[in-house]
Structure formats: C-alpha cells, structure tokens
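Student: I'd like to learn how to read a structure feature by feature. Can you walk me through one?
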Amino acid sequence: MTKSEAIAAVSREQTRLIQLSDAIWDHPQVKYQETFAAGLLSDFLREEGFTVETGVAGIPTAFCASYGSGAPVIGLLAEYDALEGMSQAAEATTRQPVVKGAPGHGCGHNLLGVGAVGAALAVRDYLKGGAKGTLKLFGCPAEEGGSGKTFMAREGVFDGTDIALTWHPGDTNDVACGSNLANCQVLYRFHGKAAHAAICPELGRSALDAVELLNVGVQFLREHMPSDCRVHYAITNAGGASPNVVQAEAEVMYLMRAPQLTQARSLNQRVDDIARGAALMTGTTLEIQFIKAVSNVLPNKVLGKQLQKNFDELGAAQYDDADRALAAAMRDTMDQKDDYYTMLVNDIEDDALREALLAHANDPIYEEVLPYASRETSSMASSDVGDVSWVCPTAQISAATMPAGTGMHSWQEVAVGKSSMAHKGMLQAARILAATAIDALDDPDLIARAKAEKERRTGGQPYICPIPAGVAPQMQG
C-alpha cells in the first residue's frame, strides 16, 4: 500500500470522524470527567480493530489504543477535555451559552482528539498493507489544568514509544518549532480562628488576611523575577460572606510559569516562602498542597521538518465561500484580534515571502502554510505535551480550524467548533500526522536522528517527572 492510499482513509471516513467530533462538542466535560469522549473514542477504535486499554496510569478517562506489533512504536496524542464556563451555541455570532455556566470546547479538543483518531485509521491501513511496527494512540485527559500527560508520563505510559506526533486547532497552518512555559500549580490553604469582628476582633486570626498578604507579597515579587515568567492566582475560598465574622478558613490557588522547569520550581519555592510569611504575620497556620506541574516542551527539528515537508506537500485545508463568510462574521465580533499570524510571518527572513504572506493578514481565514521558522521561540502558554517530549521525540502542528485572529479559550472558538471550517482543518491535520507517522515507519534513520537530537538537547539526562510520586490527579472539580 502506498502512503497516498493509506491517507485516503481520512477522506473515506470523514463523515464518521465529523460525527465523533461533533458528539464530543455536544457533550463537553472538564478535566478527568471526560467519560463521554473517552468512552466514545475507545469504543470506536476497538470496533476498528485496535486493542484498547482503558484506565491507564490509574486515570479512568485515559486510554491507550494499539495496532500492529514490534518496532518502531509510533505515538499519536489525543485530547478531548473541555473548559469550565465556555458553553456557547454553535455558529452564533453573539455570546449565547447553551447552558449558562456549563463547560464548552474553548480550545478545540473535540477536534484535536478526533483528528488524531483520523490519523490512526490511516496508519492502521498502512500497517494492514504490510508495513512493520506498532501504532499507539494515547487518549490523554485533562490537558486543561490537570496535567494528564504528566501523570501518565510519571507512570511510564509513554515509555518505549519511539516518537510522538500531535496537533492543535488554531488559526494558523504551521509546525511548532519552539518551546513553551513549564509550570507548577499549588494551593495555599490558611487556617485561622473565627471571632466577632466588632466585639472581640483580638481573638480572631484571619485566614483571609493571610491570603491577601500572600497576594500582596507576590505583587512585589513580580519586580524581581524574569520578564518571561508568569504568576497567576485565583482565590478559591474567601472564607465566607459575613464581614462581621473573622474568616477562619481561606485558600488561594497559584500557577507559576517559566521557560524552564527549574525556573518554575524556583518561583514555586519563592511563593511558598511568601505564603509562610503571610501565615506568620497573621498568626494562622498554612497547608501547602502541590496540585500539578508540566515540563517545558523539548523541540525536535528532525520531526518538525518532516511534518513541514508533508504540510507543504498536502497543503492547508480547502475552504469555501461559506466558510469565509462565517469567519468574517465571527471576526466582526472580536474587539481585539490575536496577532500570532503576523508575529510568525514577521520572523520570516525571505523578504518576498514575508511580504506575500503579510498581504493575507486581514483574510477571514488563514489558508497559507507558513514555512518552518528560522529560530526557536517560546510560547507563553503551557502544555503537558512537554512531558511527553522529554520521554520521546515529539513534534506538533497547528491547523486552521477557526477564523483568523480568534483568541484561544474564547466563545468564538467554541462557536465554530462544529463548523465546516473546523471539520476541514481537523481532517487535514489528520492527513499530515498520518503522512509523517508513515514516513517514520518506513525510515528508521528518521527516528534515529530524532532520538539523537533529543539526546543532544537533554544531555542524555533521563526524564524526571515534575509531579512528586505522592501527588494524585485532582479528579474532582
């Protein structure tokens, strides 16, 4: 079987793939609660001849679907979790929650997971045609705030995988060639003493005061940390709604991000110290609960350039006038547009190519495949794909599934999640991932060079999970 014949499986199965994606969009579930999506995809793959192991790493909504045998072992990463509070009516050009406060697919993971499944079908057909090797599709829950892949990596789920490929819905067509931020998430819970705030305030010890002092201390920390680091927080328990009662309990969640995991850990330690100081100042006691962490992504140019070759050959998805009209209507709803496309294009060294691509900056959908970047950059986002990249060589693409300039985690992204443009981008991503996986099956040298690059970047050091062994996934909301 030729590579083209195998990739044709994506077109042949596109109706069913679209139905899977739309069904997951219709049933959004947040981190570690994705029973619908995990079950749907597991059942589908099992029916398609895959051996499916569910509950991997002790996580009910994680699974591994395998096909074939022996080396090499090619991994595909699938995600399917939604975001809190992002419910939105499909293709509506105003903010219209389907269920107010309910989850929604504000990061396109309904597309991401099914795109990986589409690639898996094509690679399966290639293996059935006589190719040697094993395909593993990893069903990865809780990318959004749960570090599902990090917990899976800690338990050895990705061990033995030669390379891993993935993609992400976006507004551009490009191959990721840089890193992103590592992070640590920690809950600080203060315990004080309740008292009448007017009659005997001297008897009280305010846990809320401790939270506020921690927040103030971190504000002063911001001046003395690297400019490419980030610290965010959310008060998860303010201690009650009665101002005449000294708050005996309060807690705040912090997320520390940095380009390198060592930097994120250093920030974590500094915030820990500020929290201890806040407890000392208020006479409260402090409980520090480590929630989760992710490593920064380790780029792999060998795999990235192979993805780029296939992206250039296969091209971007082909959109029609109806897609462009919906995209234009959505763009009109955006007060401020994401300029990621322009940022990427401005880095292109070829003057003529740069100007030609900039001419499309105001298009409703970006339909051009961007060239492989000449330099590595670091995104301000974080992803648990980073931990997979430290276990085995890993590479990722972005495929346009939404209007140009759409911000991630926006209601506009949810609104187009079932649209024709989203489906087309998803299916094209599946073809590109499949083509690259097939290249790896056929070319042992490609895998060897990817592994050699990973060894150079890590200095041969083994992966060390940033989540301590005693920390369990936060499976309850």
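Predicted model: local features only at pLDDT ≥ 70, side-chain atom pairs only at ≥ 80, totals over all residues.

Student: Which residues of α15 are buried?

Tutor: Buried means under 20% relative accessible area, exposed over 50%, and partly exposed in between (1.4 Å probe, protein chains only). In α15 the buried ones are L446, I447, A450, E453, K454 and T458. They sit on the same side of α15, because they cover an arc of only 125° around the axis; that arc is taken from the directions from the helix axis to the C-beta atoms. P444 and R456, on the other side of α15, are exposed.

Student: What covers the buried residues of α15?

Tutor: The cover includes β3 (73-79), β5 (163-170), α8 (301-314), α12 (385-391) and α14 (420-442).

Student: And what is found at the start of α15, and just after α15?

Tutor: A polar contact is a pair of N or O atoms within 3.5 Å; within protein, one must be able to donate a hydrogen and the other to accept it, and residues adjacent in sequence count only if both atoms are side-chain atoms. At the start of α15, a side-chain oxygen of D443 comes to within 3.1 Å of the backbone nitrogen of D445. Just after α15, G459 has a positive phi of about 65°.

Student: Let's move to strand β5. Where is T166, and is T166 buried or exposed?

Tutor: T166 lies in strand β5 and counts as buried, because its relative accessibility is 1%. Contact means heavy atoms within 4.5 Å. Leaving aside neighbours within four places in sequence, T166 is in contact with residues including L77, V385, Q396 and L433.

Student: How do I read aromatic pairs, and how many does the structure hold?

Tutor: A pair of aromatic rings is described by the distance of the centres and the angle of the planes. Rings of Phe, Tyr and Trp (its six-membered ring) pair if their centres lie within 6.5 Å; planes under 30 degrees apart count as stacked, over 60 as edge-to-face and the rest as tilted. The structure holds 6 aromatic pairs. In one of them, Y233 and Y254 have ring centres 5.4 Å apart and planes at 25°, so that pair is stacked. Y233 is in strand β8 (residues 230-237) and Y254 in strand β9 (residues 249-258), 21 residues apart. Y233 is partly exposed at 37% relative accessibility, whereas Y254 is buried at 0%. Together with Y188, Y233 and Y254 form one aromatic cluster.

Terms used: Residues numbered from 1 in each chain as written. Heavy atoms only, no water. Helix = DSSP H or I, 4+ residues; strand = E, 2+ residues; numbered from the N terminus.
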